[in-house]
Amino acid sequence: MYAVSPFQSLYETSGTHSGLRALKNRLYAFFGIVLIVLLAILLHSAFRKGGLWQEGRYNDFRAYHDAASYALDDKLSSAYALEERPYQYPPTLASVIVPIGLVPYRVGLVIWVLLSLGVLVCSFRVLDRVLCPPVDGLAKMVGFLFVYRLIESDFANTNYSVLLLGLVVFGFALDRSER
């Protein structure tokens with residue numbers, strides 16, 4: 001038996017329109033699987049480099065968590081003097097992320113990474129509102145593939161860049177919806 005080609009349905013249907021629709025559905029399914037795999041890789045990378053499974057392994061989130069903990073005790077300046085992972089960001093960021101300091105490091109890491117992932121997915125979903133012409137799902141997926149390496153780096157280091165990107169995208173979407 002021969003393997004079925006994704007283009008075979010184009011030849012088997014009597015109408016070209018239904019054959020193209022079948023091809024598009026297969027592409028959506030393929031890209032959906034690719035998206036799920038890539039998002040799982042993002043999660044794994046952030047959790048592994050963030051030290052979720054290995055004590056003593058940290059990335060930028062350690063500095064955020066320490067700063068939030070120190071800010072709760074009204075000793076934020078001490079976070080800038082830490083030897084292992086000094087806080088290098090503005091005090092305003094520490095004031096925004098103070099709730100992360102209320103939970104243990106690993107719980108905070110999971111919350112941070114899942115929040116970042118949710119913001120990333122929602123940002124791509126609202127791109128239609130930010131960009132004037134409607135953006136097809138396949139075009140969004142191709143765009144995601146183009147920026148994936150940059151996103152993977154932000155997740156591996158647990159940077160706040162993804163959250164900042166979401167703030168900008170949601171701000172533009174809100175502005176467009178009010179017009």
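The ground rules are quick to state. Residue numbers start from 1 along each chain as its sequence is written, and side-chain values rest on heavy atoms, with hydrogens and water left out. As the model is predicted, local features need pLDDT of at least 70 and side-chain atom pairs count only at pLDDT 80 or more, while totals for chains, interfaces and linings use all residues.

On the overall layout, the protein has nine helices and zero strands, where helices (H or I, at least four residues) and strands (E, at least two) are DSSP runs numbered from the N terminus. Of its 179 residues, 36% count as buried; buried means under 20% relative accessible area, exposed over 50%, and partly exposed in between, with a 1.4 Å probe and protein chains only. Looking at contacts (heavy atoms within 4.5 Å) with a separation of 6 or more, 67% come from residues 24 or more positions apart.

Next up is a helix pair. The axes of α6 (residues 105-125) and α9 (residues 161-177) come within 9 Å and cross at roughly 35°. Those axes are lines fitted to C-alpha atoms, for helices over the stretch in contact, with angles running from 0 to 180 degrees between N-to-C directions. The crossing of α6 past α9 is left-handed, that is, the near helix is turned anticlockwise from the far one by less than a right angle. On the α6 side, the contact uses Trp112, Leu115, Ser116, Val119, Leu120, Cys122 and Ser123, and α9 supplies Val162, Leu163, Gly166, Val169 and Phe170. Sorted by class, that makes nine nonpolar, three polar and no charged residues, with Ala, Val, Leu, Ile, Met, Phe, Trp, Tyr, Cys and Pro taken as nonpolar, Asp, Glu, Lys and Arg as charged, and the others, Gly among them, as polar.

Thr158 sits in the loop between α8 (137-156) and α9. Its phi is positive, about 50°, although Thr158 is not a glycine. With a relative accessible area of 2%, Thr158 is buried. Setting aside residues up to four places away in sequence, Thr158 touches Ala46, Asn59, Asp60, Phe61, Tyr64, Leu109, Trp112 and Val113. Asp74, in the loop between α3 (60-72) and α4 (76-80), also has a positive phi, near 60°, and is not a glycine either. Asp74, however, counts as exposed at 71% relative accessibility.

As for the rings, a search of the whole structure turns up twelve aromatic pairs. Rings of Phe, Tyr and Trp (its six-membered ring) pair if their centres lie within 6.5 Å, with planes under 30 degrees apart called stacked, over 60 edge-to-face and the rest tilted. Phe47 and Trp53 make an edge-to-face pair, 6.0 Å centre to centre with 85° between the planes. Phe47 is buried at 10% relative accessibility, whereas Trp53 is exposed at 55%. Elsewhere, ring pairs tie Phe61, Tyr64, Tyr80, Tyr87, Tyr89, Tyr105, Trp112 and Tyr160 into a cluster. The charged end of Arg62 sits over the ring of Tyr105, 4.0 Å from its centre; the test is NZ of Lys or CZ of Arg within 6 Å of the ring centre and within 35 degrees of the ring normal.

Pro91 lies in helix α5 and, leaving aside neighbours within four places in sequence, is in contact with Leu76 and Tyr80. Pro99 is found in the loop between α5 (91-96) and α6 and is exposed, with a relative accessible area of 51%.
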